[in-house]
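Please read them alongside the structure shown next.

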Amino acid sequence: MIQDTIRQEAKKALESGEVRMVIGWGAGSVPFKTTPVFVDNPQDTDKLIWNPACTNNLAVYLTKLARDGKVGIVAKPCDVRSIVTLIREKQVKRENVFIIGVGCGGVVDATSLQNGDVKLREITSLEWDGGDLLVTTETTKTKLSAAAVLREQCKECDDRTPSVSDVSIGEAVVRASDLKIEIPGLSEDRQKYWAEQFSRCIRCYACRQVCPACYCETCFCDRIEPKWTAKKATTDEAWMFHATRAMHLVGRCISCGECERVCPVGIPAVELARELNAIAKERYGFEAGDPQADKPLLGNYQENDVDPAHHSE
Amino acid sequence: MSEQTTVEKEDTQLNEQTKEWQPSILAILCNWCSYAGADLAGSARMQYPETVRIVRVPCSGRADPMFVLKGFQKGFDGVMVLGCHPGDCHYAKGNYYARRRIAMTQDLLKALGIPAERFHFEWVSASEGNRFSALIKEFTRQLQELGPFEGVDR
């Protein structure tokens, strides 16, 4: 079982002294949620769990924890894309990370389970069964379709096995494109759409805190001079914050969707960066999570790059 | 009445243009080429609308996308970034970096729903004073057609 293998690999790495800590997912307060755990003792490795609710992108902790000394990290393919980006941008040294890569069939949006007939508190396990989620409670077994329960970004993700890892565990066979899930298009009047979205923003910065790519020691929005954004929670200041954050994530966001998940007011912050990254891929052949790319997108150029001048002619 | 000279004609056109609503334009200009081009337009007394507010930066590579976003947040009707022609950068490659960054900024504005016509990116050299003045006239007319920018929080 994948979970047992994760525990064994973590134990091995801790016992041999190769790593001083393993970052992974542990049981949350309720069975359908998980929480990050930091295991530094081989005896505690049974705290590590693996199921379709292991949603956090744990790469966010690496910039602090892997600064001096090696740590192990349990990582889904998307988390590995984050790690690849951090290594490319010299925030983490490859030799300081021990990647326990896990094949992933997509993670579950915990809020979507509430829509079914399942009694949430009685859930004992969640697992993928082909294209369906098998939800087991003490008395019942229910199958829910992936389209109904997958997190938004997992519906488009075909990255099923980690591109880089020291140990690779498990293999998820069902790709998102095989499920043929329809993704609704974006609104026509973008300006109005985003003004409505950003009008809800309370500027809690949860999106920034949870983002592995937002590793700046001082974020532009915390600066007093120059004051890029005022502290007040008005729509135009929120627009400035989100627009700038999207620009800062170009070629760096790997669409893990964590910012969207943690947002208390449901702003789809990942949409902008995802859209820009699709353009960057087409125009410059650059993908944020690609281990082959050696320089960041905007820290590089080609003499024959597309020229944005004369666009109005 | 004698026939108007070219300069007089341009002046008349400009006067016509200035009777209409005047947009506000934020222009971020590279010190070595575009700013010098604007300077040349001024010292040669070439006429252009007084709609433009110029920010001088050392290089178009310094034109942070945040400058552009801030311009729109603060309600400018249009924003333009001008730099040295590719290959002519004073710092050898600053404008090559700018080219990618500004291209992505254009896409961001598009994704945010800001009309593409409100943002202008061009290469203007130090000798192109006439081109600078023509660009400002052109951009001003374009914005006059679009009307005032409603703001990002509309």
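1. How many helices and strands does chain A have? Chain A has eleven helices and eight strands, where helices (H or I, at least four residues) and strands (E, at least two) are DSSP runs numbered from the N terminus.

2. This is a predicted model, in which local features need pLDDT of at least 70 and side-chain atom pairs count only at pLDDT 80 or more, while totals for chains, interfaces and linings use all residues. Residues are numbered from 1 along each chain as its sequence is written, and chains are lettered from A and ligands numbered from 1 in the order in which they are written.

3. Of the 313 residues of chain A, 42% count as buried, that is, with 20 or more other C-beta atoms, placed from the backbone, within 10 Å of their own. The C-alpha trace of chain A spans about 65 × 45 × 40 Å along its principal axes.

4. Helix 9 (residues 235-248) of chain A packs against helix 4 (residues 94-112) of chain B at an angle of about 140°, their axes lying 11 Å apart; axes are lines fitted to C-alpha atoms over the stretch in contact, and angles run from 0 to 180 degrees between N-to-C directions.

5. The contact (C-beta atoms, placed from the backbone, within 7 Å) is made by A:Ala243, A:Ala246 and A:Met247 of helix 9 of chain A and by B:Thr105, B:Leu108 and B:Leu112 of helix 4 of chain B.

Key:
A residue is buried if 20 or more other C-beta atoms lie within 10 Å of its own, exposed if 12 or fewer, and partly exposed in between; C-beta atoms are placed from the backbone. Two residues are in contact if their C-beta atoms, placed from the backbone, lie within 7 Å.
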